[in-house]
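Here's a quick walk through the charged pairs, the helices and the nonpolar core of this model. Have the structure open as you read.

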Amino acid sequence: MRSSILAGLAVLLLAGPAAAVEGAWREADAMVAAIGYQVIPRSLVNAYQRAFAPHQPAAVVLQALIDDRLLAAEARRYAIAPVAGELEQARAAHPLPEGFAQAEWDQIVLDRALARRFLDFRFGDFVPVSREEIRAFIQANPTGFKGTAAANEAKARGLLLPMARSRREEAFKAELRDRVHVRVVREALPP
């Protein structure tokens with residue numbers, strides 16, 4: 001009996017500092033979001049911010065990271081795979097940050113590349129711009145359109161296409177976030 005009490009005390013004494021270290025680790029690398037059961041730690045948001053968006057606020061970076069993961073999953077669902085050399089290019093452009101395993105970082109940069117490829121596949125140049133939108137744009141910006149009606153329409157369509165695609169992409173991303181349970185812990189976001 002006495003030896004089991006001493007063994008229990010030894011475990012508690014040893015667990016105390018370990019629990020303190022584990023608590024400090026959890027605070028330093030707290031969960032800032034989760035996509036389903038997939039946790040996104042603060043360290044990942046920080047590394048993603050340094051690599052891809054150094055001047056953006058953490059909340060914007062986190063949203064981009066979540067969107068990249070969701071879009072990459074959609075790309076895989078449609079059997080869109082990385083192209084030859086894509087991983088090497090991504091590694092060269094975004095070297096491995098400290099504290100990450102190479103395989104983990106490779107997945108992050110590939111997810112980002114797959115997300116871009118999926119958006120091109122999904123939307124490409126096939127975003128419709130109505131004639132009413134074109135006319136309204138020309139009327140709102142008359143000084144930029146001094147050519148023929150056909151030339152003005154072509155110029156306006158070229159200017160409106162990226163804006164229309166961006167709106168469609170954002171709507172699609174919002175739809176994906178609604179489909180998958182995404183939780184964000186705002187208090188845990190880095191400043």
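Arg157 and Glu153 pair up through their side chains in a salt bridge, 3.6 Å from N to O; the term covers a Lys or Arg side-chain nitrogen within 4 Å of an Asp or Glu carboxyl oxygen. The two sit 4 residues apart in helix α7, about one turn of the helix. (Helices are DSSP runs of H or I with at least four residues, strands are runs of E with at least two, and both are numbered from the N terminus.) Arg157 is partly exposed at 32% relative accessibility, and Glu153 is partly exposed too, at 22%. For the cut-offs, buried is under 20% relative accessible area, exposed is over 50%, and partly exposed is in between, using a 1.4 Å probe and protein chains only.

This is a predicted model, where local features need pLDDT of at least 70 and side-chain atom pairs count only at pLDDT 80 or more, while totals for chains, interfaces and linings use all residues. Residues are numbered from 1 along each chain as its sequence is written, and side-chain values use heavy atoms, with hydrogens and water left out.

How do the two ends compare for burial? Glu170 is partly exposed at 40%, whereas Lys173, at 13%, counts as buried.

Then there's Glu175 with Arg179, whose closest N and O atoms are 3.2 Å apart. Again both residues lie in α7, here 4 residues apart. Glu175 is partly exposed at 40%, and so is Arg179 at 48%. This pair belongs to a network of salt bridges that links Glu74, Arg77, Glu175 and Arg179. Searching the whole structure turns up 14 salt bridges. In general, side chains of opposite charge can pair when their charged atoms come close.

Helix α3 has 20 residues and runs 29 Å from its first C-alpha to its last, close to the expected 28 Å. That expectation is 1.5 Å times one less than the number of residues.

What comes after α3? The helix is followed by Ala79, with a positive phi near 60°, even though Ala79 is not a glycine. Ala79 is in the loop between α3 and α4 and is exposed, at 65% relative accessibility. Val83 lies in that loop between α3 and α4 (86-93) as well, and is partly exposed with a relative accessible area of 43%.

## The nonpolar core

The largest nonpolar core has 41 residues, and Ile40, Val45, Leu62, Ile66, Leu71 and Ile108 touch the most other members. Here a core is a set of buried Ala, Val, Leu, Ile, Met, Phe, Trp, Tyr and Cys residues joined through side-chain atoms within 4.5 Å. Elements giving two or more residues to this core include β1 (31-35), α2 (42-52), α5 (102-122) and α7 (149-179). α3 supplies the largest share, 9 residues.

What does Leu62 touch, leaving aside neighbours within four places in sequence? Leu62 is in contact with Val32, Ala33, Ile40, Val45, Val184 and Leu189, where contact means heavy atoms within 4.5 Å.
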